[in-house]
Amino acid sequence: MTEFLIRHFIKDYQDVEKISVRTAYGVFASIVGIFCNVLLFIVKFIVGLVLHSVSVTADAFNNLSDAGSSVISFVGVKMAEKPADKDHPFGHGRIEYIAALVVSFLVLEVGFTFLKDSIGKIMSPEAMNFQAVSVVILLLSIAVKLWLGLFNRKLGEKIDSKVMMAVFTDSMGDVVTTGATVVSILFFAVTGINIDGFVGVGVALVVMWAGVGIARDTLEPLIGEAIDPEVYREIKAFVESYDGIEGTHDLIVHNYGPGRSMASIHAEVPNDTDIEESHEIIDRIERDAAKKLDLFLVIHMDPVEMKDQKVLGIRDKASEILRELDPACTIHDFRVVHGEHQINLIFDMVIPIEYDEKKRKELPLLLEERIKAVDPRYECVITVDYDYVAKEDE
């Protein structure tokens, strides 16, 4: 059904890289969410009044907040579509993340209010009325929210939307909370014991946990997160695939919203190649990255020694010593400068960013000490660098 709706209501639905198509996905998901949640609110509110159930009524208002979330999602997606201007040269894509953050606050507010009402219900329980038709309506509500959640997840995965994934998480929380409400009603019907308030507390905690999860996932790209390993490998392989590029390092990616990224990388070129020739290669890679990867890429050119066996031997020895000290560290930008009484070894040392300050200071000193033991004339000039790639899940 989801594919049917996408094909019939979203023009050029396969071209998800286009900003206009992403916006169409977001608007369509928001409209569907508003319609479904308003309908569920009306039905559950009536059922809650009939049953005198705080958990059902609170669940109804949770659906109303979800409708509000869909409105915020709609506004956020439309604003994120705005093109770049002089004040925002990389566009307005991050507004979509801000919209998702607002959604998380709404979810938390609903959960907190629900928790307060449920505790009041435990302290002063009210009589409940059991009606089979109400249970059937709530079960249908679960089915609708389950479909709506999966609908948003599918669309969110297609266009890499934080807002839609937030709505998916919220919807799955609703499935759990409504299911718990049904359990409390059935438990009352069988035993005559009213556990509505206790179930309400559990539901409230689930809702609040979902809100915290949405906020956490949304804040990561806003604050600045590590490079996805797959993205790192894709960009690195793309640059290194060109003739005249011997290697790459220091890749940094800045996210300005889904489909709006810029990156910088250092590309190693042979130091005996004509500088204009290397520069032409770099320019071509940057142009191709914009077309093929939809990425604004800035490349810094690093000349490296490729033929001098003595320099290559010293570099290999330094790398071997570093691997013995810590296999997680690497060396790049290695240069050798001969002086009258000493030989300067100038290079960058990449240290995992999670290492503490003590280890960051100790490793270069240990490396310098070991290298100097090979030849007392060696003087190391080390620049400590960090790896900005996220750790892969095990």
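The side chains of Lys372 and Glu379 meet in a salt bridge, with a distance of 2.6 Å from N to O, where a salt bridge is a side-chain nitrogen of Lys or Arg within 4 Å of a carboxyl oxygen of Asp or Glu. The model is predicted, so that local features need pLDDT of at least 70 and side-chain atom pairs count only at pLDDT 80 or more, whereas totals for chains, interfaces and linings use all residues. Residues are numbered from 1 along each chain as its sequence is written, and side-chain values use heavy atoms, with hydrogens and water left out.

**Salt bridges**

- A search of the whole structure finds six salt bridges, one of which joins Lys372 and Glu379.
- Lys372 is partly exposed, with a relative accessible area of 31%, and Glu379 is also partly exposed, at 26%; buried means under 20% relative accessible area, exposed over 50%, and partly exposed in between, using a 1.4 Å probe and protein chains only.
- Lys236 and Glu240 form a salt bridge of 2.9 Å, N to O, and both lie in helix α8, four residues apart, which is about one turn of the helix; helices (H or I, at least four residues) and strands (E, at least two) are DSSP runs, numbered from the N terminus.
- Lys236 counts as partly exposed at 22% relative accessibility, and Glu240 as partly exposed at 31%.
- In the salt bridge between Glu280 and Arg284, the closest N and O atoms are 2.9 Å apart, and these two residues, four apart in helix α9 (residues 275-292), are separated by about one helical turn.
- Glu280 is partly exposed at 38% relative accessibility, and Arg284 is partly exposed at 30%.

- Asp333 is found in strand β4 (residues 330-338) and is buried, with a relative accessible area of 17%.
- Leaving aside residues up to four places away in sequence, Asp333 touches His249, His266, Glu268, Asp302, Ile346, Phe347 and Asp348, where contact means heavy atoms within 4.5 Å.
- Most residues other than glycine have a negative phi.
- Asp250, in strand β1 (residues 247-255), has a positive phi of about 55° although it is not a glycine, and Asp250 is buried at 19% relative accessible area.

**Second largest pocket**

- The second largest pocket is lined by 34 residues, of which His249, Thr330, Ile331, His332 and Val350 lie nearest its centre.
- The elements that give two or more residues to this lining are α8 (229-240), β1, α10 (309-325), β4, β5 (343-352) and β6 (378-387), and α10 gives the most, with seven residues.
- On a 1 Å grid over the protein atoms alone, a pocket is an open set of points where a 1.4 Å probe fits, with protein on both sides within 12 Å along at least five of seven lines, and lining residues have an atom within 4 Å of a point.
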